[in-house]
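Me: I'd like to talk through a structure with you. Could you put it up first?

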Amino acid sequence: MPCQKCGSVLIRFGAFTVCPYCNCITLLKKKKAIFDLFKNEQEIESNINTIIRNNLDKNKLTIKLCWEREKFSRAFFQKYQGLDTNEFLSSNLLILRITKDNFFSGKRNVEEIEAKTIVDAFKRIIESKETRFLLMQGFAEPLQLFDKIHALYNEHYFPILSTYEDNDIWEQPKAKEKIKEYLPLLLTVTEKQQGSTKYSPKEFIKEFYPTIHQFYCCFVRNELYNEVFGLLNNYSKAHLNPQKLMNLVNSYPMNERQLYHTSLSEFITRAQKYLDIEPKKVRELLIFSEKNTQAFPIFLAVNGRVYISHRATFLIYILLHAIVYKSLFDEETVKRSKEFEKQEVKSIFQSIGWTYLPNKTDRKKASIEIDGIATFGRKMVIIECKGWKLKPFFEYKMQQDHIIRDIKGIVDGEKYTHRKPKKIPSLLQKIDFVKANMSTWGLNNKDFDIIEGLIVLRSFPPISEYKGIHVLSIKDVAKEFGSGTSTKANDNP
Ligand SMILES: [Zn+2]
C-alpha cells in the first residue's frame, strides 16, 4: 500500500520500508540514472575487453574460466554455500562471449587469481544491468550512495521478492541451511553412475521438484540469463537424455586441481556410445568451440582437446529436467497445484481452528465449483485457491500484469488462455450461490454475520484486494485469519 500520508510509492531501504518523500530521501531522476548506469557499464565493459584482448591468450583464458566455473560448482556442493546465480551466469556468459570474440591479440597465460578477478568484474557489470533492468521495469527507485547508483526495491517488487524468498531464491547467507537438501541429489548421480540409475526422469522430477523448479526460475529469469541458458533448448530439441549426459561426464576422472581433458576424437567416440547419437550430432550439440558457438558452452574444445566440467555439468543436469522433460515437469507442477487447492489451504484453515468444507459443487449446474468454505463463529469465507507457481521471466512487469489480470479474472469470471478471455463462473456469482444454497451442506444463513470471498495463492500477489475480495498468499493466511479474525471481521466484533 502506498504511503498513508502522502500517497507515494514505498521503498525498501535496508531493513526498513519507508516513504521516500516523508523521509526526505532524495531519489535520482529515473531516466538519467538508467542512462548513467548504461554509460558506466559500457565504459567498464570496454575497458575490461581492451585489457584482456591485448594481454591474454584467448584459448587459455577460456579454459581458466571453465575451471573457475567448475570450482564454483564444486563449492556449491561442498561448502553448503547458496547458489549465487549471478556468478554462474557470469562465468558461462564470459566463456560464450570470449569464444565468440575475434579481437584477441594477447599471448600471455592468465593466472588463476586473474581469472577470478575477471569473473568478479563481469559479475558487477551484470549486477548493474540488473539494477537498470529493475528500474526500467518500474520495480525500483534510483538512489545515489557515495559514488554508486543503487536500486531500492519499491512496493511493486515486494511480492516478487517474497515469492523468491518463498522459493528459496535467496540472496546469499540465508540459503546456507537449504543447501543441505541438495546433497542427496549429488549422491544419486555419483554413486549410481554405473548400470541402471536409481530414478527415472519422472521420479527424479518428483523427488527433487523444488530444486529443479528453483534452478529453472533462477536461470530463465531475464534476457541476460537467456543469452546463454537459452542455448540449452537445443538439448531439448534433440531429446538429449540428461542422465546419459551425466553418465558420460562421470565416466571421466575428476581432477583435484584442474579440469580433466581428452582428445576430440576420443570424446566423440565416447559421447557417441553413451548418448547413442551420430558423431555429427555430438559435434553439433555438445562440442562448444570457436567454430560452434551455437552449443551450450559446457564441453569446451580448444586445440583438439575437450575439457570436462564435472560439477558444472551436474548443475546443468538438474536444470535440464525442466527443459528436456518439460511436459513431465509441467505435469508435476499441475499435480502440486491440485494438491494445493485440495489439501494445503484446508490444512492451514483447520490448523487455526476454522471448519473447512472442501470442494462444493452445484448439483444441478456442475460448472459452479467452490474450492472451499471456511467458517469460524459467525464468519464465513468462500475460497478460491490458485497454486500458480513462480515462473521463468517472473521479473518482467508483463508477468506480474498477467497475474493481476488472472486474479481479476477469478472475481469477474474470465479465464485467460492465450490472451483470449473465456467466460467462467465468477467468484462473486459463487458467493451468491453459497448464500442461496448453503442449507444443502447443513449450513444456515442466519448463523453468519459476515460472508466474504477470498483468493488464496501459493505465491505473493501483486494486489491484495479487488472488488471487495481479499487476495492472500497461503503464507499469510494464518496471520490474517488466526484466532478466527480477519481484517474485516475485526471491525465487527
Ligand atoms: Zn509519504
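What follows is a short chat about this structure.

Reply: This is a predicted model, in which local features need pLDDT of at least 70, side-chain atom pairs count only at pLDDT 80 or more, and totals for chains, interfaces and linings use all residues. Residues are numbered from 1 along each chain as its sequence is written.

Me: How many helices and strands does the protein have?
Reply: The protein has 20 helices and 16 strands, taken as DSSP runs numbered from the N terminus (helices H or I, at least four residues; strands E, at least two).

Me: And what share of the residues is buried?
Reply: Of the 493 residues, 34% are buried, where buried means 20 or more other C-beta atoms within 10 Å of the residue's own, exposed means 12 or fewer, and partly exposed is in between, with C-beta atoms placed from the backbone.

Me: Let's go to α16. What distance separates its end C-alpha atoms?
Reply: They are 35 Å apart, which agrees with the 38 Å that the 26 residues of α16 (residues 326–351) should span at 1.5 Å a residue; the expected span is 1.5 Å times one less than the number of residues.

Me: Where is the kink in that helix centred?
Reply: The kink in α16 is centred on F340 and is about 45°, the bend being the angle between axes fitted to the seven residues ending at a residue and the seven starting there. F340 is also one of the buried residues of α16, together with E341, V345, K346, I348 and F349.

Me: What covers those buried residues?
Reply: The cover includes β9 (355–361), β10 (369–376), β11 (379–386), β14 (450–457) and α19 (477–481), with contact meaning C-beta atoms, placed from the backbone, within 7 Å. Just after α16, G353 takes a positive phi of about 90°.

Me: Are they buried or exposed?
Reply: F146 counts as exposed because it has 5 C-beta neighbours inside 10 Å, and H239 counts as exposed because it has 9.

Note on methods. Two residues are in contact if their C-beta atoms, placed from the backbone, lie within 7 Å.
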